[in-house]
Amino acid sequence: MKSRRRPYAEQRPQDLGGGVWSVPVPIPGNPLGYTLVYAVDSPKGPVLVDAGWNHPDAWQALSGGLSSLGLDVSAVSGVVVTHFHPDHAGLAGQVRQASGAWIAMHENDAALVRIMNEHTADEHDDFQSDMLRRAGADPGETRQARAPRPTPPVPPDRELRDGDLVELPGRKLRALHTPGHTPGHICLHLEDADRLFTGDHVLPDITPHIGIYPFDRDDVDPLGDFLDSLDRVGELGPLDALPAHEWIFPDVAARAAQIRHHHEEKLVRLRALLAQRPAPLTIWEVAAMMTWNRPWEDLSPVLKGMAAGEAAAHLRALEARGQVRRVAGVDPVRFQALDS
């Protein structure tokens, strides 16, 4: 079988050996089903890698799962968040309330968390509406494609940079900055056990969403960053991967190479599609031409918005490589292929 993903109801907390445990924490209403939260043993109390979605059922699963493994959420000494998304950072604040634990994340995501906490839900809606309009969505699509704003995570107590060691007495847990899925995504290398907590960066069967926000930014290249980060992970060799979703798998380097190949092929196909069109295209038009896991017409409005973000990231990567250009002075923004 291609996928060994099992529904949340079939998941159980596990002792993975070597002072590492996993607890599946549900994500209500999300097809991913659950986040795998990991606990790493420490003389000061376990340190969690991610925390799960902020929901009563998720809290019960996390606290109860830790208890079933002989761990107590009140004894947690720290939470390292691989990235700021709510299925990873959502419960970090509640863990801190229960235990006094510190919360750490990369400084780039910490900056985004501060911005999120400074803006209202209405401001978030206005931001999305203008972004979708500039991408070429019509007014009806713009209204429907706005994703609801999740509750922002609590700001961290500690900010990490690439290469920093997490406070974990007696062990070596090192942060590896792997931007792409978010600007501050980190993997965590448990160097004393040759294990890599991969967050969403490297997953065994699916690939993470790589988008650009706002869609028409020209000063960042998240897909280029993601591909470079895959190469960095590959340089670590065939470590066992402990991802935040799906299942644990061996040889993270081999999987990182597969994901890079997938995106490189996607970039080749996208440039070829643009080369066939004499007129420049909007981001929305490009997204509708690309291949997704279901036909464009069958995607929900919110999923179309996410697809546009991913199309924008691929267009920006091609632009950075000198293979497409954006047309100056037009609104919505448009792109066209350059001659080879």
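The model is predicted: local features require pLDDT of at least 70 and side-chain atom pairs count only at pLDDT 80 or more, while totals for chains, interfaces and linings use all residues. Residues are numbered from 1 along each chain as its sequence is written, and side-chain values use heavy atoms, with hydrogens and water left out. The protein contains 10 helices and 14 strands; helices (H or I, at least four residues) and strands (E, at least two) are DSSP runs numbered from the N terminus.

**Overall dimensions and surface**

- The radius of gyration of the protein is 20 Å, which agrees with the value near 20 Å that a compact globule of 340 residues would have; the radius is taken over C-alpha atoms, and the globule rule is 2.2 Å times the number of residues to the power 0.38.
- The C-alpha trace spans about 65 × 45 × 40 Å along the principal axes of the protein.
- Of the 340 residues, 51% are buried, where buried means under 20% relative accessible area, exposed over 50%, and partly exposed in between (1.4 Å probe, protein chains only).

**Contacts and charges**

- Among contacts between residues at least 6 apart in sequence, 66% join residues at least 24 apart; a contact means heavy atoms within 4.5 Å.
- The protein carries 34 positive and 47 negative side chains, and the centres of the two sets lie 2 Å apart.
- Lys and Arg count as positive and Asp and Glu as negative, whereas His and the chain ends are not counted; the place of a charge is NZ of Lys, CZ of Arg, CG of Asp or CD of Glu.

**Helix α10**

- Helix α10 comprises 20 residues, 301–320, and reaches 29 Å from its first C-alpha to its last, close to the expected 28 Å at 1.5 Å a residue; the expected span is 1.5 Å times one less than the number of residues.
- This helix is mostly covered, with 15 of its 20 residues buried.
- Gly 322, with a positive phi near 75°, follows α10.

**Cis peptide bonds**

- A cis peptide bond with omega near -10° links Tyr 213 to Pro 214, and Pro 214 is placed in the loop between β10 (195–199) and α7 (222–234).
- The peptide bond from Asp 331 to Pro 332 is also cis, with omega near 10°; Pro 332 occupies the loop between β13 (324–326) and β14 (334–337).

- Asp 194 is not a glycine, yet its phi is positive, near 50°. Asp 194 belongs to the loop between β9 (186–190) and β10 and counts as partly exposed at 45% relative accessibility.
- Asp 251, also not a glycine, has a positive phi of about 60°. The loop between β11 (240–243) and α8 (252–275) holds Asp 251, which is partly exposed with a relative accessible area of 30%.

**Surroundings of Ala 110**

- Ala 110 is located in helix α4, residues 107–118, and counts as buried at 0% relative accessibility.
- Leaving aside residues up to four places away in sequence, Ala 110 touches Met 105, Pro 156 and Glu 159.
- Ala 110 and Glu 159 are 49 residues apart in sequence, with their C-alpha atoms 6.9 Å apart in space.
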